[in-house]
Structure formats: structure tokens, C-alpha cells
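Here is a short walk through a protein model. Look at it first, then read on.

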Amino acid sequence: MMHAALAIWILSAVFCMGRGHHHLGHADQDQETDSSFSQVSTANKEFAFRLYRKLAAHADFQGKNIFFSPVSISTALAALSVGARGETHQQLFSGLGFNSSQLMQADVDQSFRTLLQNAKSGDTSEGTAVFVDNRFKPQPEFLEVLKQSYFAEGFNVDFTQATESVNTINNYVETKTNGKIDKLVESLDVNTVMYLISYIYFKGKWETPFDPQDTTDDHFHAENVQVPVQMMNMEEDVDIYDDKLINTTVLHLPFNGTHSMLLMLPDNMATLENAISPGQVNKWLKWKKQRRYNIYVPKFSIKTSYKLNKVLTEMGMADMFRDSANLTGISEGHKLAVSEVVHQATLDVDEAGATAAAATGIGSCQQGLGSYQQNMAETTGQEGAKGGPHYIKERIKYSPEEEARLERKHFWRIIDAFRYYRIHVQEQVKRAERQFQSLPQHHQNLLPHVLSNLDRIGQCADHNQEVLQAIVHHSLHMFENMEYGERQEDPRKIRPSSTFDMDKLKSTIKQFVRDWSESGQAERDSCYKPIIQEIQRLFPSDQYDVSKVSVLVPGAGLGRLAWEIARLGYMCQGNEWSFFMLFSSNFVLNRCEKVNALTLYPWIHQFSNNKRSSDQTRPIRFPDVNPQSLSLNADFSMVAGDFVEVYNEPESWDCVATCFFIDTAHNVLEYVETIWKILKPGGVWINLGPLLYHFENMANELSVELSYEDIRTAMVRFGFHIEVEKESMQTTYTENDRSMLRYVYDCAYFVVRKPAELQYFNGQNEDQLQNSPPAAKSPRREGPDSPT
């Protein structure tokens, strides 16, 4: 076994795999103007060296090689902090080196998103995953942040099957690390309900490889010991720094691509361990000199494994392991604590290059599992029911007070997103400026207009923010039957929002193009016009009193389709559950009277696939019609809420019109059943849209991805008669018509009718159906993601 003297070489190989061929820190310097990213990046480096010193000083690791991936560990702990609250969150932040007075969780999440995005290259892969017990339902917001900021993949497992669960996790890690980490998890606590994984894999080839013919058997000389090794050798111009202050020679070996390795040979190991720091490494990289040397480097492989509970506790992160742990951001309904934090790492160095891999696992356990199982029995029904206990059949029940609190929290979270927009876009602009300014000056001189165009994008973002502020102003008291109170905190304070929420907001801005601008006319003609024409064919004004024909439009978005149907005289109601859409539709329908009086810049967020720079900053004007020009007799309304929960009155609608809607379901058959229920006998359902299932691949969310063929079969078996069917209608959705990348949906279009004389499926008669218990519900987004 190699002595710990070699460990510092290996440690530095991980620490110093930096971006930039000939010096680490160039990318960091470009990011310095981004305060949050800079602070998180600096904290990560400091955490790496603090953790190394803890491990080196620990009795369990004396005389052993110390090798680990600090970025894997810090990524896993940062992901865990998303769900931590109170003292637990404060300890995680402090232990990771984050200043809570200057950084919020959203800042950390955004910074790790950037770090993980930057890590994506041909020689590096990095990511996270979360394994969730079938019986356990984390907060949807927690899972969304993991997915959006930490690129987490989600999986359901049955942790009561311990061996199978261990194998599932280990097989995943083995695949992600190309077989290097094959047994991260030895066993699982019996009360485990969630397991969080972070992994990293690197394979690099030396810029100047060693010749295998020059490799010989030799000895590596450490403190008072000689280790037999295969010694690689080359005579080459290499970068060296001789640090006389600590009597250490530093060798810099670059890989092809964007990474490099530092190898240090100290006269005294303790002196080096006490001195090493991010500043020390930056000094070596800055002042290294290239000279011709005959260098000898051992060829070696190393694998380490750690259980970090004790070490992390000593670093101030003790609360997460205790009964007092506050992980209510993961689940408010169940008491959780961390059972283990484990880490494994491997490194192989040979003549061609180096391969490194690491993974970190964090197990979370339910405290007091007996009551947990009892609660789940109440919600899942009999154990032997069809489908078993895999899916939670009923929504989580909250007290009215708790429901109101969660609703209020969600409302203000979306308000915060609208207010944070300008800062979010300006950060994108700053990043683009830094990237351009990092180019050689003669390259910048070729395109002097780039910076002025970025400045123009910033101005457009300022204008968009003014419109968003107006939307917020008119949203605070928009609901007739619900008030969300006033913020106790300073209302002027702008709170950072998650990447997920900002993506939702930017998508909502594009909805103004689709629904209320002249630019969206072609898209409306392809999507809305077939539906409107079919309603007019089925319920012609010369045969019907159309004011008595009731039409429901679920997933109404900004309300244009429902508005157009109402404009023709039909009684029409739009339904929407997204606060982003509800706030915006309220503004455009109730506060906009002058045609094309307002301007938005919807394409400034698209930095790729632009043919011309001006395409990114071109405006759209809205509304293209006066939304308040409906006749005084028009019967038009918008209702907020979840479709299957709001609409449960049988036989109450003449027509249901769905456009790009049915794939928003967890269980699309639940939508079909609800539509069947609420349609009057003889009523019709008109649908146009694709099947881009919204909850596919989302951790711990039920998502049944049926083919159109399967949905069609189910509709017929429910009793619907198909009157019109087109399996191929090509449409777009919020398309940027000047983009170099466009998506075309090959949609299904159908018109089906609920027969006037009902023939009940499965041989049931009407009395039997009325006396049957209600169909079991699939799990739907609750709490902070479900508006009233």
C-alpha cells in the first residue's frame, strides 16, 4: 500500500482538474462579477480543503491514502439542503461554507445548476439522482428543484425489499461511473424512505502521453518506506513550480481538453498539509514555469470508501443526523433524519491518462415508522388491491388551516418569481458579456456590436419587468372567493426564485405571443380554429340558442380560445390551475382595453439558434383585439383550480374543448373519466394536441404514458362514440418563427360524443353506477403547487 505521501498527489489530482489548459481559475475570474456564483465557488474550494484536513487528522484514516471528490460531496449536501429548514439548514449552509446572510437557497441552487452545466463535456459526466420509497411522497417543490437545478433523475423503489433496493441503487451508480463504483451502498436502514445520490466520472488523456516502453519496475520513496511500482518516465518540456517556502515541488500535467492534474512532492508531508489551500494552488498555477525535465511518475490505481457521519458532525453538520433534524422541506407530514452519508472514489493513472470516479450517497429515514405505515394504510386501501401499494390513491389530507397556509405560500412564491424576473435575465446577460469579454481582444474587435446588443437585451428585460409588475399589481386581490393576506416581510424586498419557476415565467411570457398577438395568429388558426369551427358545426346558431350551450375549456392558459368561443355567443368557462397563467390571463382579460397598446420582448431569453441578433430583441404587441369587447350579454368566466377536483357535477356541460391539455394528467384516464362524467347525455368532447406527458421522468410522481391507441380504446370502452378523427394534424406551440430550431407537433384531433341514450360499460346499470364508490384518484400536486 502506498504511503499517505502519495495521497496529496491524488488529492490534488481531483482538486486541480481545473478549466483552462495552462492555469486553473480563468473561468472563476470570469465569474467573479456574479456574486452568488463566486461565493458558492469559493466556498466549495474551501470546503474541499477543510474536509481533507479533517480526514487526514482522523484516527480512522491515519497512514491510509486519502482520496475523495469534494464536488460530489458538496453537490449531494447542497441538494439535501433544499429540503432542510431551521437549524438543520443553517448547519448545512455553515458547514459547506455558505454565508446565509449573503446567499439564499435559490442562489446556491442556481450556482450548482451552472456548475453542473459547465461540467458537461466529452470527458466528464456529473449528476444526481433520488430514489424514493413507493409509500413516501416528498414535497413536489423539493423534487422540482432537484430536477431543475441538480439535474436529478427520480426513481421509485420499495425500500422494504432491502436487497433489491441496494442492488437498484448500486447498479445505477455503476452505470453512471462506467463500472468504477459498483458497491456504494452496503446495506440500508430498515426505515429508509429516500436515498440521494451524487456522482462524477472523468476520463482524460494526457496532452503528452507517456511511452509504455519507457515504463519500468521501480520503487516509490515515501517517508521511511519504499513501495514497488511501475514507474512511467518521459523527458519533456513541463510546467514546474518549486515552492521553497514549504519545500514542495509541483508538477502540472495537462490533459487534452479543459482539465489538468497537479502532482506535489513535498520534503515534509505535514508541512504541505498545513499549507495547502485554494490560494496556494492558485499561486502554483500562476507562477509555474516551463522547463525541460526528465520526470518519473508512478502508475497506480486507488479506491477509497468513507462513511462521513462522524466527520461531518465534527464539521458542524450534526443536526441532520439527530432526532431534532428539520427536513420538512422534503416532507411536512413525516419526521425525517439522515441515517448515513457515504462516499467512494477511484483513480487510475497510466501512460495514456487518468480515469477518476466518485459517488456520494445520503440516506434519509422515517422516524416513528409505525405511525407512517398506519397513515399510509388509510390512504392506499387494502394491501392486496389492484396495483398493490405502489401508488398513493388519495391526495394527502391537510387540515383547513394547513391547506390555507400552503396555498398562501405558493401564491407568494409565484409573486416572487414575477418580481425576480429582471435580476434573473440580467444575470444571463452578464454571463454572456463575461463569455464574450474572455475572448482574445482581436476576436472581440471583429464584432463590436455584440456588447451593445447584450445591453439592448438588458433594456428589453427592464421593459418586460414593468409589464410583469403591472400583472402582479392586479393579481394581489384577483380572486372573488379567496384572499392571501399581506406579506409580513418588507414587500419591497426581491426574493430569489428557483430556475424552475423562472422557466415557467418565461414560458408564460411566450403565451402572450400565442394567445394575444398578431404574431400568434397562424398558430391560433392551426390549433384553435378547428375546435371553434367544430363547435359551430355541432351547435349552429340557426338551430340552437347558443347562449344556452355550455362549453368548458380546461387548461385555458391565457384564455384566448375560451374568449373566442364566448365571443360567438356560447356560454364558455375557462379553467386553469397555474398561477403563472391565472395572473397573466386576469391582466389581459380584465385590465387591457386598447388594441396593441402594450409591448413584450418574448425572445430575449433565447441565446441560441438566432439567425440575426435583432431577432432576439424584436417586440410583440398585445392584445391584438380588445378583450373587453364582448357583448354585455356574453357569459364568459375563468375558474382557478385543478380540473378533476373542481369539475365533479355530473351531466352539466354540453361541450368540453381541450387543446394541448390531456397530456398534463398524471393519469390521462382520470381526465377521460371526468369528461365523461360532466358531459350531458349527447354532449361532445373536442380535442387537439400531442401526448408530451408533463410528469414523465419526474421523481415520485405518478405518470401513466399511454399511446393514443390506448386512449382511444379507453374512450370507446367508457362509451364515447367517435364522430371525427384525424391522427395527424401538424401544429406548433409558442413557436419562435425566426428561430433556427422549431418543433412541430403531429397532433391527434378527435370529436367524440357521449350518447344521449347511455349504454353503461362493464354491464353496469345506472343505479349500480350511482351507488358505486368514487373512482380512486391518482396523486396530484399538493400544497405549494396546487392553487385554489
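How many aromatic pairs does the structure hold? There are 29 aromatic pairs. Rings of Phe, Tyr and Trp (its six-membered ring) pair if their centres lie within 6.5 Å; planes under 30 degrees apart are stacked, over 60 edge-to-face, and the rest tilted. The model is predicted: local features need pLDDT of at least 70, side-chain atom pairs count only at pLDDT 80 or more, and totals for chains, interfaces and linings use all residues. Residues are numbered from 1 along each chain as its sequence is written, and side-chain values use heavy atoms, with hydrogens and water left out.

Take Tyr-172 and Tyr-199. Their pair is edge-to-face, 6.2 Å centre to centre, with 75 degrees between the planes. Tyr-172 lies in helix H8 (residues 162-176) and Tyr-199 in strand S3 (residues 192-205), so the pair ties together parts 27 residues apart in sequence. Helices (H or I, at least four residues) and strands (E, at least two) are DSSP runs, numbered from the N terminus. Tyr-172 is buried, at 10% relative accessible area. Tyr-199 is buried too, at 8%. Buried means under 20% relative accessible area, exposed over 50%, partly exposed in between (1.4 Å probe, protein chains only).

Elsewhere, Phe-411, Trp-412, Phe-418, Phe-579, Phe-580 and Phe-583 make up one aromatic cluster.

Rings also meet charges. The charged end of Arg-514 sits over the ring of Phe-660, 5.3 Å from its centre. That of Lys-754 sits over the ring of Trp-676, 5.2 Å from its centre. The test is NZ of Lys or CZ of Arg within 6 Å of the ring centre and within 35 degrees of the ring normal.
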